[in-house]
Amino acid sequence: MLTMFRWIVVRDLTLAWRRRADVLSTLFFFVIVVSLFPLGIGPESQLLRSIAPGVVWVAALLASMLSLSRVFENDYHDGTLEQMLLTPQPLLLVVLGKVLAQWLVSEVPLAVVAPLLGVQFDLEPRTLWILFLSLLIGTPVLSLIGSIGAALTLGLRGGGVLIAVLILPLYVPVLIFGAGAVDASIMSGNIQANMLLLAAFFLLALVFAPWATSAALRISLE
Amino acid sequence: MNIYKYASPTVFYSLAGKMIPWFAIPAALLFIAGLYVGFFIAPTDFQQGDAYRIMFIHVPAAWMGMFLYVLMAFYAGIGWAFNARLASMMAASISVTGALFTLLSLVTGSLWGKPTWGTWWVWDARMTSTLILLFLYIGFISLQAAIDEPRRADRAAALLAVVGVINVPIIYFSVQWWNTLHQGATIRILNKPTIAPPMLAAMLILLAACWLYSIAVVLVRVRYIILEREQNAARVAAVAV
């Protein structure tokens, strides 16, 4: 069973490496969206500092939407996904493996780049660190919940927009506590509570989301 | 008597047709009664004047918006688990009514907010979570509309509704916590802890009216859904003529 899991992760990472442009375009989308906000709002550093957590987090939600619509798409079109459903190994492992690969490829780079963008918004080093950590804990939740939407919208017309309508409302708690942690660090408030809640969401999503995604895949492929 | 036969859409079609007047007429009567009590018997509020009377529509609409989401998820779940077509059709029918009540509660809320709070919109916990509830309804409806094959649409939407039901309390409490963190407007919906008996009576009568109205309108809509989906079944064709 673990071989299967490892095989899925390695395979998806290899595929992502061969299509580097897809991964990079998501990352650039994130960078560009965040950089547009100062242009739209104005360069006052006080204002920028107070909107930075929300802006970076919302941009991360949007960027992960973009990459999520691709998690199952290619495998669905060439029939690999159907074969994966037929394997004797549990479908949960396939889902977990694909979500892990998606997170490594598309979400971790966001968390790594985010502190750099935070510098543009005049954040302090300690806050940059919290921004990185909150994204690192929060983005797996985005991948896990988002995979449900990706599985539900497989092969539909306008699936990319639809997945945003389905999934973005479910991201609200992660956004609140992720941005809340960074906010708290700016105002030297209580960071720990926000971080612990993010971690709790991660554990909840880890238990329930792969199950829902497998069910959704079976619905979409029957 | 075998009640399971009513799970067949064709049989239910004619049963629903007979049931509709039994809900629609009491709903109309209770609306008239409730509005009469609300406008002529309930006293004027000493703080808000007559503006508070919008509460008689606002509060029942908000409650219906929440109840109907749970009811919709319940029906969708039954339709998914037991492969019952009629239950899925009921869920699809309820979703529109629920979304409209949620929208109504948001609109009446902001109409009420302008004279009493001086602003159309406040990012208060209840309003924000009602807005997100509306987004969840929109997700359910648009997922169902995007899938051409009805049974796949039913199952996919059912899964989304069940995920949504699990998330609603989490969203509600996180929004509430977010609100207190941000030290937002600490406005209470009702400034007085107690409420005059005629006010409560008008609200409860209108709540009952909204329930009966919802049942009637859901039955009307489910009849159209049955006609649309089962148009090839000869018996529906016979009934519909």
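## Around Pro38(A)

Leaving aside residues up to four places away in sequence, Pro38(A) touches Pro43(A) and Leu48(A); two residues are in contact if their C-beta atoms, placed from the backbone, lie within 7 Å. This is a predicted model, where local features need pLDDT of at least 70, side-chain atom pairs count only at pLDDT 80 or more, and totals for chains, interfaces and linings use all residues. Residues are numbered from 1 along each chain as its sequence is written, while chains are lettered from A and ligands numbered from 1 in the order in which they are written.

Pro38(A) sits in helix α2 (residues 20–41) of chain A. Helices (H or I, at least four residues) and strands (E, at least two) are DSSP runs, numbered from the N terminus. Pro38(A) has 19 other C-beta atoms within 10 Å, so it counts as partly exposed; buried takes 20 or more such atoms, exposed 12 or fewer, and partly exposed is in between. Pro38(A) and Phe121(A) are 83 residues apart in sequence, yet their C-alpha atoms are 8.2 Å apart in space.

## α2 against α6

What does α2(A) pack on? Helix α6 (residues 91–120) of chain A, at an angle of about 30 degrees and with the axes 10 Å apart. Axes here are lines fitted to C-alpha atoms over the stretch in contact, and angles run from 0 to 180 degrees between N-to-C directions. That makes α2(A) and α6(A) roughly parallel (under 35 degrees).

Among the α2(A) residues in this contact are Phe30(A) and Val34(A), and α6(A) brings residues including Leu110(A) and Val113(A). By class, the contact has ten nonpolar, four polar and no charged residues. Ala, Val, Leu, Ile, Met, Phe, Trp, Tyr, Cys and Pro count as nonpolar, Asp, Glu, Lys and Arg as charged, and the others, Gly among them, as polar.

## Chain A overall

Chain A has ten helices and zero strands. Its C-alpha trace spans about 55 × 30 × 30 Å along the principal axes. Of the 222 residues of chain A, 48% count as buried. For contacts in chain A with a separation of 6 or more, 80% come from residues 24 or more positions apart.

## Where chain B meets chain A

The contact draws 22 residues from chain B and 20 residues from chain A. On the chain B side, α4 (125–146) and α5 (150–181) each supply at least two residues, and α5(B) gives the most, with 13 residues. That side divides into 16 nonpolar, four polar and two charged residues.

Note on methods: Angles under 35 degrees count as roughly parallel, over 145 as roughly antiparallel, 65 to 115 as roughly perpendicular and the rest as oblique.
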